[in-house]
Amino acid sequence: ARGVRVHLSDHDPAQARTAAARGAGTDEEPEGRCDLVIVAVPPAHVAATLAEAIGAGRGRAYLDVASVKGGPRRELEALGCDLSGYLGTHPMAGRERSGPLAASADLFEGRPWVLTPTRDTDTEVLNIALELVALCRAVPVVMDADAHDRAVALVSHTPQLVSSMVAARLEDADETAVRLCGQGIRDVTRIAASDPRMWLDILSANPGPVADVLDGLAADLTATVRALRALDCAGAAEEAAAGLESVLRRGNAGRARVPGKHGAAPAAYETVTVLIGDQPGELARIFADAGRAGVNIEDVRIEHATGQQSGLIQLMVEPQAAAALTAALRERGWALRQ
Ligand SMILES: NC(=O)c1ccc[n+]([C@@H]2O[C@H](COP(=O)([O-])OP(=O)(O)OC[C@H]3O[C@@H](n4cnc5c(N)ncnc54)[C@H](O)[C@@H]3O)[C@@H](O)[C@H]2O)c1
Ligand SMILES: O=C(O)C(=O)C[C@]1(C(=O)O)C=C[C@@H](O)C=C1
């Protein structure tokens, strides 16, 4: 969308093909060297993938977007790579769903994008990364790799574990209780739907800082359990209530420090819903038809109808593009739904 030619490569070619069909670039090999190689693979594969790309001289500059920064850099150093053309980065935006169907064009808008240059990083590489961040309308934040890892232990990795632990309580819960789930538990457990293998990789690359944050949380948990049990005890109830109130108030204070999304207000998209057959190539075909109509698909959701060979696909687009997309898809014979 910003006029940059993007070549997509994945060890599973179907992923690159789907991303290309959604308008993310082409899955054809580039002819020569690229200006910038971006490695977006699970953290455990980042160093090997970068080492291969650097060794083959695939680009003038290299960066990764892994959620941890210290480990991959140390692995690269151990592999003996020339790291002057490499910059470790981390866009602080993501989804609990994986793969190209979960991608959204405005994901990075207004979000911090951490860059971790060292004394050895070429200025040209840092400039290229800054240009990428600007093109994605994100906000660059320069940090040391280990400071980054301690920060994300607090604001990302521990929240993921806590969300998973709260959601885990529901696994064997009574159906009558689960039926009552409201917005509160939905908010707290959204990221519990994340890919466990990806998170095992992330946590394995940042164990110490996450354990440190969890130690503090465990102390609050222990004190809270004690306070709850003491609420019924004559003589201890007042102190217990004060302890409970204190943890809730500290929560208010912490929550008040969470910055809002900078920049643009959250995008409001219009949804075009289409019934698609459950057969290979249907998604690629619909994305190609949208592309031909000049419409950018901002987000996608798929509902599989149980027991049927079809599903509903929701295409989210800018409000002004919805009518054109509806007309183009209808003309090409797609079954549109309200
Ligand atoms: N999802 C998030 O919220 C988020 C946010 C910021 C950064 N990140 C980081 O981005 C990276 C990718 O995460 P994602 O959420 O896009 O995952 P994803 O599962 O959507 O995509 C990873 C892709 O890498 C491919 N892959 C795996 N090993 C490979 C290899 N050796 N060579 C080539 N391709 C390979 C997979 O087939 C898959 O298509 C991770 O390092 C993650 O830490 C994720
Ligand atoms: O919001 C989500 O779904 C995320 O997974 C986003 C989130 C985060 O914790 O903020 C998760 C991991 C990434 O490294 C960066 C962003």
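Predicted model: local features only at pLDDT ≥ 70, side-chain atom pairs only at ≥ 80, totals over all residues.
1. Confidence. The mean pLDDT of the protein is 92, and 96% of its residues reach 70 or more. Within the protein, strand S1 (residues 34-39) has the highest confidence, at 98, whereas strand S7 (residues 299-304) has the lowest, at a mean of 77. For the complex, the predictor reports a pTM of 0.84 and an ipTM of 0.96.

2. Domains. Three domains are assigned in the protein: domain 1 spans 13-143, domain 2 spans 149-256 and domain 3 spans 270-337. A distance of 32 Å separates the C-alpha centres of domain 1 and domain 2.

3. Contact between domain 1 and domain 2. Domain 1 contributes 10 residues to this contact and domain 2 contributes 13 residues. On the side of domain 1 that touches domain 2, H2 and helix H3 (70-78) each provide at least two residues. By class, that side of domain 1 is made up of four nonpolar, four polar and two charged residues.

4. Helix H3. Besides supplying residues to the side of domain 1 that touches domain 2, H3 has buried residues, namely Gly71, Pro72, Arg73 and Leu76. Among the elements that cover these buried residues of H3 are H2, strand S2 (59-64), S3 and helix H5 (145-168). After H3 comes glycine 80, with a positive phi near 75°.

5. Surroundings of ligand 1. How many residues surround ligand 1, and which are the closest? The shell has 21 residues, of which the closest are Gln15, Ala66, Ser67, Gly94 and Ser98. Helix H2 (43-55) and strand S3 (86-91) are the elements that give two or more residues to this shell. H2 provides the largest share, with four residues. By class, the shell around ligand 1 holds nine nonpolar, nine polar and three charged residues.

6. Surroundings of ligand 2. The residues around ligand 2 are Ser67, Met92, Ala93, Gly94, Arg95, Glu96, Ser156 and Ile191. Three of these residues are nonpolar, three are polar and two are charged.

Definitions and conventions:
Residues numbered from 1 in each chain as written. Chains lettered and ligands numbered in written order. Near = placed C-beta within 6 Å. Nonpolar A, V, L, I, M, F, W, Y, C, P; charged D, E, K, R; others polar. Domains from an automatic or database assignment. Contact = placed C-beta atoms within 7 Å. Buried ≥ 20, exposed ≤ 12 C-beta atoms within 10 Å, placed from the backbone. pLDDT = per-residue confidence, 0-100.
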